[in-house]
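Biologist: Before I plan any reading of this protein, could you take me through the model, keeping to what can be computed from the atoms?

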Amino acid sequence: MNDFPGGAGTAATEMRTSAPAPAAPPAAATSTPASAPPPGTPSSSPGRSEPLYGGRATRRVTVSDLAKAKARGEKWPMLTAYDALTAHVFDEAGIPVLLVGDSAGMVVFGHDTTIPVTLDELIPLTAAVVRGTSRALIVADLPFGSYQASPGAALASGIRFLKEAGAHAVKLEGGRRVVPQAEELVAAGIPVMGHLGLTPQSVNVFGGYRVQGRGEDGEQLLQDAKSLEAAGAFAVVLECVPAELAGRVTDAVSIPTIGIGAGPDCDAQVLVWQDMAGLSPRTPKFVKRYADVAGVLGRAARSFAEEVAGGQFPTEEYSYR
């Protein structure tokens, strides 16, 4: 996020285009499968809750599990996903929460911002992610224009995500101004994730993709987080805010905070998967590239093309008799 364009809400276009992405590491980091907890992960035992990352349970992660992880002081990862195949890979890797972000407007549909993406476009993407997973909690972004008008509009959009796509929760941007929408959704039984700081749907108000919450604005953001918690939100994304502020918010609320460009003190961290995996040509400062997917795909495409052009593919091995 947003979910991020890259970010959950977005790794912003301005940030995204300001500098070339750093060179990817020589070898992609090896993912730890869900069946083999990484070092330092709490082990599963009778009477103890399953860790969100590294747990062995195959049931769906729930918002209750996220609350318990916060109480344990357990940090956990979140990624965006937009299709069944990559969602399945992330699910198998043990990622406990996947966000079908409105960042799809940028990384899937090729827009410059998240604003043009629609509810009708995100619903089939969300349904594909749900079908491709068996354990991850799937959160769907409420796109621009689908909830701002009224609590009733937010409820109608949330219902569509749950009924038509099978999402388990929805995310919306804003603080106190969207409290009525959050309360309406929660009252109807739809879990709500908030999103504060750089909220990409408001990019035209901010005048670009910039760090939010500095100075006196930080106090307003803190109060917004408390307002979302009081409205029943189960978690809140903090995007592009000073690390010190994110730490204060994390300590001040009982619900998990999910950072993206918000420093190390949040309860969880999220990235747009194309940024994380090195598929995006340019990424913001807060993104660490864990692979060079663009390079791998480019080399594979060139090898395929050269073999076709040279008559080396398909051989008998890849032909039917």
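Biologist: How are helices α9 and α10 oriented to each other: roughly parallel, roughly antiparallel, roughly perpendicular or oblique?

Modeller: This is a predicted model, in which local features need pLDDT of at least 70 and side-chain atom pairs count only at pLDDT 80 or more, whereas totals for chains, interfaces and linings use all residues. Residues are numbered from 1 along each chain, and side-chain values use heavy atoms, without hydrogens and water. Helix α9 (residues 217-231) packs on helix α10 (residues 243-252) at about 30 degrees, with the axes 10 Å apart. Angles under 35 degrees count as roughly parallel, and α9 and α10 are therefore roughly parallel.

Biologist: Which residues of α10 make the contact with α9?

Modeller: Contact means heavy atoms within 4.5 Å, and on the α9 side it involves G218, E219, L221, L222, A225, K226 and E229. From α10 the partners are L245, R248, V249 and A252.

Biologist: Is G261 buried, partly exposed or exposed?

Modeller: G261 sits in the loop between β7 (257-260) and β8 (268-271), where it touches C240, V241 and F286, leaving aside residues up to four places away in sequence. Buried means under 20% relative accessible area and exposed over 50%, with partly exposed in between (1.4 Å probe, protein chains only). At 25% relative accessibility, G261 is therefore partly exposed.

Biologist: Over which residues is the pLDDT below 50?

Modeller: pLDDT is the predictor's confidence in each residue, from 0 to 100, and the chain averages 87, with 82% of the residues scoring at least 70. Where pLDDT is low, the predicted coordinates should not be read in detail. The stretch with pLDDT below 50 is residues 1-47.

Notes:
Axes are lines fitted to C-alpha atoms, for helices over the stretch in contact, and angles run from 0 to 180 degrees between N-to-C directions. Helices (H or I, at least four residues) and strands (E, at least two) are DSSP runs, numbered from the N terminus. Angles under 35 degrees count as roughly parallel, over 145 as roughly antiparallel, 65 to 115 as roughly perpendicular and the rest as oblique.
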